[in-house]
Amino acid sequence: MMYWDGGWAWMAFMPLLWIALIALAVWAGIRFAHHPATHGDSAHRAPEPRETPEEILDRRFAQGEIDADTYIEARQRLAAHKPGPR
């Protein structure tokens with residue numbers, strides 16, 4: 001016995017509603033997994049520039065990872081293989 005007209009319409013609509021909700025949850029999960037939310041101003045900041053080979057060499061020498069002879073030799077190699085202007 002149906003006391004409310006349109007009961008069959010809800011029975012047809014509910015599976016579609018659940019499919020749409022599940023699809024929305026999957027879409028949101030994928031989107032937020034690829035683009036995690038950031039807080040504050042970090043979303044508007046430009047990415048930090050990468051270190052040049054010379055800067056990496058200078059940092060390693062300053063931290064004592066390499067000695068002076070290795071530093072000088074590496075600097076000369078970098079200068080010899082440095083690409084020209086484009």
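Leaving aside its neighbours within four places in sequence, E54 is in contact (heavy atoms within 4.5 Å) with R75, L78 and K82. E54 sits in helix α2, and with a relative accessible area of 17% it is buried (under 20% relative accessible area, with exposed over 50% and partly exposed in between, using a 1.4 Å probe and protein chains only).

Keep in mind that this is a predicted model, in which local features need pLDDT of at least 70, side-chain atom pairs count only at pLDDT 80 or more, and totals for chains, interfaces and linings use all residues. Residues are numbered from 1 along each chain as its sequence is written, and side-chain values use heavy atoms, leaving out hydrogens and water.

Now step back to the helices. The protein has 3 helices and 0 strands (DSSP runs numbered from the N terminus, helices being H or I with at least four residues and strands E with at least two). Of its 86 residues, 6% count as buried.

How do α2 and α3 meet? The axes of α2 (residues 53-62) and α3 (residues 68-80) come within 10 Å and cross at roughly 175°, so the two helices are roughly antiparallel to each other (an angle over 145 degrees). Here the axes are lines fitted to C-alpha atoms over the stretch in contact, and angles run from 0 to 180 degrees between N-to-C directions. On the α2 side the contact is made by P53, E54, L57, D58 and F61, and on the α3 side by A68, Y71, A74, R75 and L78.

Conventions: Parallel < 35°, antiparallel > 145°, perpendicular 65-115°, else oblique.
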